[in-house]
Amino acid sequence: LTGKDQVLRHLMKQKDALMTRIAEDVKRVAQSFTPIDKGRARGGWKMRSTSKTRSVTNRVPYIDLLERGRSKQSPREILGPTPREI
């Protein structure tokens, strides 16, 4: 490998690590903002990784209602304040 290739490989590893840390932070903060009744919605946050992307999802059927503030425990959105918190 040339010096240029080594630098590029190092930068790609750094980028991947940063993307993973950001996704982990999004998941952690979204979980903390998710109202907890039985814990299903809070436990529903999952991070998925591919070689180019990271995503944080929650497939609990009622997560959209919680996001729209329909919980009596926490009548606020979940994802809106997440970037500000991070």
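This is a predicted model: local features need pLDDT of at least 70, side-chain atom pairs count only at pLDDT 80 or more; totals for chains, interfaces and linings use all residues.

Q: Which element is Arg54 in?
A: Strand β2, which covers residues 54-58.

Q: And is Arg54 buried or exposed?
A: Buried, because its relative accessible area is 18%, and buried means under 20%.

Q: What does the side chain of Arg54 make a polar contact with?
A: The side chain of Thr20, at 3.0 Å. The Arg54 side chain also reaches a backbone oxygen, that of Thr50, at 3.1 Å.

Q: Switching to Ile22, where is that?
A: In helix α1, residues 3-33. Ile22 is partly exposed, with a relative accessible area of 44%.

Q: How far is the C-alpha of Ile22 from that of Ser55?
A: They're separated by 9.9 Å, and the two residues are 33 apart along the chain.

Q: New topic, pockets. How much space lies in the largest one?
A: About 160 Å³.

Q: Which residues line the largest pocket?
A: Pro35, Ile36, Asp37, Lys38, Gly39, Arg40 and Ala41 are among them, and so are Tyr62, Leu66, Ser71, Lys72 and Gln73.

Q: How does that lining of the largest pocket split by class?
A: Five residues are nonpolar, three polar and four charged.

Methods. Residues are numbered from 1 along each chain as its sequence is written. Side-chain values use heavy atoms; hydrogens and water are left out. Helices (H or I, at least four residues) and strands (E, at least two) are DSSP runs, numbered from the N terminus. Buried means under 20% relative accessible area, exposed over 50%, partly exposed in between (1.4 Å probe, protein chains only). A polar contact is a pair of N or O atoms within 3.5 Å; within protein, one must be able to donate a hydrogen and the other to accept it, and residues adjacent in sequence count only if both atoms are side-chain atoms. On a 1 Å grid over the protein atoms alone, a cavity is a set of points where a 1.4 Å probe fits but cannot get out, and a pocket is an open set with protein on both sides within 12 Å along at least five of seven lines; lining residues have an atom within 4 Å of a point. Grid points are joined across faces, edges and corners, and a volume is the space filled by probe spheres set on the points. Ala, Val, Leu, Ile, Met, Phe, Trp, Tyr, Cys and Pro count as nonpolar, Asp, Glu, Lys and Arg as charged, and the others, Gly among them, as polar.
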